[in-house]
Amino acid sequence: MRISEFLSPPAVVSDLKARDKQEVLRELSAALARAHPTLKAERLVEVLREREKLGSTGIGEGVAIPHGKLPGLGQLVAAFGVSRQGVDFEAIDGKSTHLFFALVAPENSAGVHLKALARISRLFKNPRFRASILEASTVEAIHALIVQEDARP
């Protein structure tokens, strides 16, 4: 599984304006809805919020992977956003979060969903990669960096 299979440039936000967790979820949901016009941003926000109620998806080191499952969804979809100022996302390390990878999976796709979460988590463990994403200023550059890093063995 490659991230490029479920993350497209229209779903990348190079400069999130959000100042809090709820605004981040709204912006990422709007990006997903733009990239996948059959999806409704309001419903995506609900799905992501429901998962956040179980505990923050802020995994630390400035990274969060909000995710959830949506009944009736045909395939795994994702959005990615960069917050230059950082947001308090209640991350496990207590630090501000700058990199957000929202993932929405079909309701009955536990295997695919878990593989995608593991892949994203592994990718963003690399401090040089995280720094390069923060230095990139365009959607195209950010998407290219993610695809390039994901292609490494």
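Helices, counted when they have at least four residues, and strands, counted when they have at least two, are DSSP runs numbered from the N terminus. In this predicted model, H113 lies in helix α3 by that numbering.

**Exercise 1. Determine how α1 and α2 are oriented to each other, and state which residues make the contact.**

Solution. 

Step 1. Two packed helices are described by the angle between their axes and the distance between the axes. Helix α1 comprises residues 21-35 and helix α2 residues 41-54; their axes come within 8 Å and cross at roughly 135 degrees.

Step 2. Angles over 145 degrees count as roughly antiparallel and those from 65 to 115 as roughly perpendicular.

Step 3. The crossing of α1 and α2 is right-handed.

Step 4. On the side of α1, the contact is formed by K21, Q22, L25, R26, S29, A30, L32 and A33. On the side of α2, it is formed by A41, L44, V45, L48, R49 and E52.

**Exercise 2. Determine how α4 and α5 are oriented to each other, and describe the residues of their contact.**

Solution. 

Step 1. Helix α5 covers residues 139-151, and α4 packs with α5 at an angle of about 160 degrees, the axes being 9 Å apart.

Step 2. An angle over 145 degrees counts as roughly antiparallel; α4 and α5 are therefore roughly antiparallel to each other.

Step 3. The crossing of α4 and α5 is right-handed.

Step 4. From α4, the residues F129, S132 and I133 take part in the contact, and from α5, I142, L145, I146 and E149.

Step 5. Five of the contact residues are nonpolar, one is polar and one is charged.

**Exercise 3. Classify the ring pair of F80 and F124 as stacked or edge-to-face, and locate both residues in the chain.**

Solution. 

Step 1. The count of aromatic pairs in the model is five.

Step 2. A pair of aromatic rings is described by the distance of the centres and the angle of the planes. For F80 and F124, the centres are 5.6 Å apart and the planes stand at 25 degrees.

Step 3. Rings pair if their centres lie within 6.5 Å, and planes under 30 degrees apart count as stacked. The pair of F80 and F124 is therefore stacked.

Step 4. F80 belongs to strand β5 (residues 77-87), while F124 is in the loop between α3 (110-123) and α4 (127-135). The pair links distant parts of the chain, as the two residues are 44 residues apart.

Step 5. Buried means under 20% relative accessible area. F80 has a value of 0% and is therefore buried; F124, at 3%, also counts as buried.

Step 6. F80 and F124 form one aromatic cluster together with F101 and F129.

**Exercise 4. Describe the surroundings of T97, F89 and H113.**

Solution. 

Step 1. T97 is in strand β6 (residues 97-106), and with a relative accessibility of 0% T97 counts as buried. Apart from neighbours within four places in sequence, the contacts of T97 include G62, V63, A64, S83 and F89.

Step 2. F89 is in the loop between β5 and β6, and its relative accessible area of 0% makes F89 buried. Leaving aside neighbours within four places in sequence, F89 is in contact with T97 and F100, among others, and with K21, L25 and E52. K21, L25 and E52 are also among the residues of the contact between α1 and α2.

Step 3. H113 has 8% relative accessibility and therefore counts as buried. Not counting residues up to four places away in sequence, H113 touches H67, G68, K69, L103 and A105.

Step 4. F89 and H113 are 24 residues apart in sequence, and their C-alpha atoms are 22 Å apart in space.

**Exercise 5. State whether E61 and E90 are exposed, partly exposed or buried, and describe the phi of each residue.**

Solution. 

Step 1. E61 is in the loop between β2 (58-60) and β3 (63-64). E90 is in the loop between β5 and β6.

Step 2. Phi of E61 is near 55 degrees, a positive value in a residue other than glycine. E90, which is not a glycine, has a positive phi of about 55 degrees.

Step 3. Exposed means over 50% relative accessible area, and partly exposed lies between buried and exposed. E61, at 48%, therefore counts as partly exposed, whereas E90, at 54%, counts as exposed.

Terms used:
Residues are numbered from 1 along each chain as its sequence is written. This is a predicted model: local features need pLDDT of at least 70, side-chain atom pairs count only at pLDDT 80 or more; totals for chains, interfaces and linings use all residues. Side-chain values use heavy atoms; hydrogens and water are left out. Axes are lines fitted to C-alpha atoms, for helices over the stretch in contact, and angles run from 0 to 180 degrees between N-to-C directions. Angles under 35 degrees count as roughly parallel, over 145 as roughly antiparallel, 65 to 115 as roughly perpendicular and the rest as oblique. A crossing is left-handed if the near helix is turned anticlockwise from the far one by less than a right angle, and right-handed if clockwise. Contact means heavy atoms within 4.5 Å. Rings of Phe, Tyr and Trp (its six-membered ring) pair if their centres lie within 6.5 Å; planes under 30 degrees apart count as stacked, over 60 as edge-to-face and the rest as tilted. Buried means under 20% relative accessible area, exposed over 50%, partly exposed in between (1.4 Å probe, protein chains only). Ala, Val, Leu, Ile, Met, Phe, Trp, Tyr, Cys and Pro count as nonpolar, Asp, Glu, Lys and Arg as charged, and the others, Gly among them, as polar.
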